[in-house]
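Q: Hi! Could you walk me through this structure?
A: Happy to, here it is.

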Amino acid sequence: MTMLGKLRRSWHAWEKRMRVQARVRGEFREIKDDWRRKMIDSFPLTPEQEHAIDDYFMQNVGIKIPYDWHREYSSLTGKFHKEYVPEFFYTAMLQFGLCDLDYAKVIDDKNYSTLLSCTGVSAPRTIVRCSNGCIIGPASGWMTAEEAIDALLLKDSFILKKTSESSWGKDVFLIKRKGVERNDLKKMILSLGPNWRAEEQIKACPEISALHPSSLNTFRVASYVLDGKAYADHAVLRIGIGHSHLDNAHSGGIFVGINQGRLRDHAFTEQGLRWERHPDSGIGFSEYFIPCFDRVLEAACKIQSFLAKCPFLDLDIALDENYNPVLMEINPLDGSAAWMLQMGNGEPMFDKERIPAILDLCRRFV
């Protein structure tokens, strides 16, 4: 390697470390939000629990950590585990610190999710896509904006979404032909910028659809690579409420943990509100069974194996009407799986036996 190459490599390493530390500081600021403090204050730790956290993280990372994240994750289910992984470890160090950032920017673009069909996991069928202002139809033919609108207006319904630089369910629209005028659709497309996609609406399997028919209701899965093998240990099911077609927790949806296909006792909102039954369908969550859930975790492992340059991913996967997993979105730098999976399930987000090896990866950033 040339001297210039060595200098460039050292610069990139230093820059990434500084950006990791900035994200850590961001997580320490967010844990002070008023609504999070209420949840934290509702679950005081015993001296024995505090000692257990101290000993565990000193042994596996070499530092003592604040107890706030353990208290927050324990507050909803009342279940304490010293192995809970705080967000500043997961979001800043594991997801951001260990990934190839250039690679992450590409796979974060929802226009490329269909390329992962080579893994055997399908994605929603594209009607029209726009990448950097280039509009392409389903047969890979170039289209004008007016031709694209003509094609979309032939569909009874479809999903229109921004494909990059979007989050929290923003810029995702369910469009129905009877409810939209041509000029309104054109304005909506223009508002999304140069990167967007229109895709066919997925229908969920009957058991998931019954919970809330207006939304797709997807699984949020945390997948990861460790010692050359991909894993996906836990997931939550995200469910819409009211008339919303969105299931995203940041957009007012609720989430419930799932264990071997059976839902946990309660679903929660991001702010910690608790539901024993879905507020609209009235279906009780406790022991409600979702068939073929193992296919969701298997699909996550297949995708993660293919995208191993980002070794920690948040994946959104649907289970369609034929009980086949459908990849809806890849989130290489989202980080929300940390709080959502641990609060929804009342368990650490990773298999307990593998957490020491995972935490050891954080040592380079502490």
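**Sheet and salt bridges**

A: In this predicted model, five strands form an open antiparallel sheet, ordered β2-β1-β5-β3-β4. Strands here are DSSP E runs of at least two residues, helices H or I runs of at least four, numbered from the N terminus, and two strands pair if DSSP finds at least two bridges between them.
Q: Which strands stand at the edges?
A: β2 (134–136) and β4 (172–176), each with a single partner strand, so one side of each lacks a neighbour in the sheet.
Q: How reliable does a spot have to be to count?
A: Local features need pLDDT of at least 70 and side-chain atom pairs 80 or more, while totals for chains, interfaces and linings use all residues. Residues are numbered from 1 along each chain as its sequence is written, and side-chain values use heavy atoms, leaving out hydrogens and water.
Q: New topic: how many salt bridges are there?
A: The structure holds 24, counting a side-chain nitrogen of Lys or Arg within 4 Å of a carboxyl oxygen of Asp or Glu.
Q: What does Arg-37 pair with?
A: Asp-68, with the closest N and O atoms 3.1 Å apart. Arg-37 lies in helix α2 (residues 34–41) and Asp-68 in helix α4 (residues 68–77), 31 residues apart.
Q: Is Asp-68 buried or exposed?
A: Asp-68 counts as buried at 18% relative accessibility, because buried means under 20% relative accessible area, exposed over 50% and partly exposed in between (1.4 Å probe, protein chains only). Arg-37 is partly exposed at 23%.
Q: And which partner does Glu-146 have?
A: Arg-182, at 2.8 Å between the closest N and O atoms.
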